[in-house]
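Colleague: Could you walk me through how this one is put together? I would like to start with the helix packing and then jump around a bit.

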Amino acid sequence: MKAAMLLQNYNLEMLAKVFGKEILDDPNLELYLAAMYNGGPGPVIEAVRRARQKETDWRQELRKLKKTNESLEYLKKLDYLLKPTPSQ
C-alpha cells in the first residue's frame, strides 16, 4: 500500500511539473493517475500534452500512441466503477 501511495505521489508531482499546479483541478486527474499507474507516466503525459495542443480528448491521443491498449481497457473498467449508480 505504501509503495502504491508513493507512486501516486510521484506521478502527481510529474504531472504538476509538466503542466503546472492547475492540473490538480483537472476533472480527469484521477484517470490520468490511474493510467500512469497502469501503463507508466510517459504515454499519459504525452497524450495529455497532445490533447491540450490539439484540443482533443486525451484518451484519443493515448490510443494513437499504440502502446496503451492495456491502459485503455483499465480505464474502461475504472469508468464502470466510477459511474454513478441509480438510486432505488
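Colleague: What is the handedness of the crossing of H1 and H2?

Modeller: In this predicted model, the crossing of H1 and H2 is right-handed. Helix H1 covers residues 2-19 and helix H2 covers residues 29-39, and the two pack at an angle of about 115° with their axes 10 Å apart.

Colleague: And which residues in H1 meet H2?

Modeller: From H1 the residues are Ala-4, Leu-7, Gln-8, Asn-11, Leu-12 and Leu-15, and they meet Leu-29, Tyr-32, Leu-33, Met-36 and Tyr-37 in H2. Sorted by class, that contact of H1 with H2 has nine nonpolar and two polar residues, with no charged ones.

Colleague: How do the axes of H2 and H3 cross, and how many charged residues are in that contact?

Modeller: The axes of H2 and H3 cross at roughly 140° and come within 7 Å. Tyr-32, Ala-35, Met-36 and Gly-39 are the H2 residues there, and they meet Pro-41, Pro-43, Val-44, Ile-45 and Val-48 in H3. The contact of H2 with H3 has eight nonpolar residues, one polar residue and no charged residues.

Colleague: Changing topic, how many residues are in the largest nonpolar core?

Modeller: The largest nonpolar core has 22 residues, and those with the most contacts inside it are Leu-15, Ile-23, Tyr-32, Val-44, Trp-58, Leu-62 and Leu-75. At least two residues of this core come from each of H1, H2, helix H3 (41-54), helix H4 (58-64) and helix H5 (69-82), and H2 gives the most, with seven residues.

Colleague: What does Val-44 touch?

Modeller: If residues up to four places away in sequence are not counted, Val-44 touches Tyr-32, Ala-35, Met-36, Trp-58 and Leu-62.

Colleague: How many aromatic pairs does a search of the whole structure find?

Modeller: The search finds one aromatic pair. It is formed by Tyr-32 and Trp-58, whose ring centres are 4.8 Å apart and whose planes are at 85°, so the pair is edge-to-face, the term used for planes over 60 degrees apart. Tyr-32 sits in helix H2 and Trp-58 in helix H4, 26 residues apart, and the pair thus links distant parts of the chain.

Colleague: Are those two, Tyr-32 and Trp-58, buried or exposed?

Modeller: Both Tyr-32 and Trp-58 are buried.

Colleague: What about Arg-59, and why does it count as buried?

Modeller: Arg-59, which is found in helix H4, counts as buried because its relative accessibility is 17%, and the limit for that word is under 20%. Leaving aside neighbours within four places in sequence, Arg-59 is in contact with Leu-31, Leu-72, Leu-75 and Asp-79.

Colleague: Now the loops: where does Glu-55 lie, and what is its phi?

Modeller: Glu-55 lies in the loop between H3 and H4, and it has a positive phi of about 55° although it is not a glycine. As background, most residues other than glycine have a negative phi. Glu-55 is also exposed, with a relative accessible area of 74%.

Colleague: And Lys-66, is that one buried or exposed?

Modeller: Lys-66 counts as exposed, at 70% relative accessibility, and it is found in the loop between H4 and H5. The C-alpha atoms of Lys-66 and Pro-43 are 9.5 Å apart in space, while the two residues are 23 residues apart in sequence.

Definitions and conventions
Residues are numbered from 1 along each chain as its sequence is written. This is a predicted model: local features need pLDDT of at least 70, side-chain atom pairs count only at pLDDT 80 or more; totals for chains, interfaces and linings use all residues. Side-chain values use heavy atoms; hydrogens and water are left out. Axes are lines fitted to C-alpha atoms, for helices over the stretch in contact, and angles run from 0 to 180 degrees between N-to-C directions. Helices (H or I, at least four residues) and strands (E, at least two) are DSSP runs, numbered from the N terminus. A crossing is left-handed if the near helix is turned anticlockwise from the far one by less than a right angle, and right-handed if clockwise. Contact means heavy atoms within 4.5 Å. Ala, Val, Leu, Ile, Met, Phe, Trp, Tyr, Cys and Pro count as nonpolar, Asp, Glu, Lys and Arg as charged, and the others, Gly among them, as polar. A nonpolar core is a set of buried Ala, Val, Leu, Ile, Met, Phe, Trp, Tyr and Cys residues joined through side-chain atoms within 4.5 Å. Buried means under 20% relative accessible area, exposed over 50%, partly exposed in between (1.4 Å probe, protein chains only). Rings of Phe, Tyr and Trp (its six-membered ring) pair if their centres lie within 6.5 Å; planes under 30 degrees apart count as stacked, over 60 as edge-to-face and the rest as tilted.
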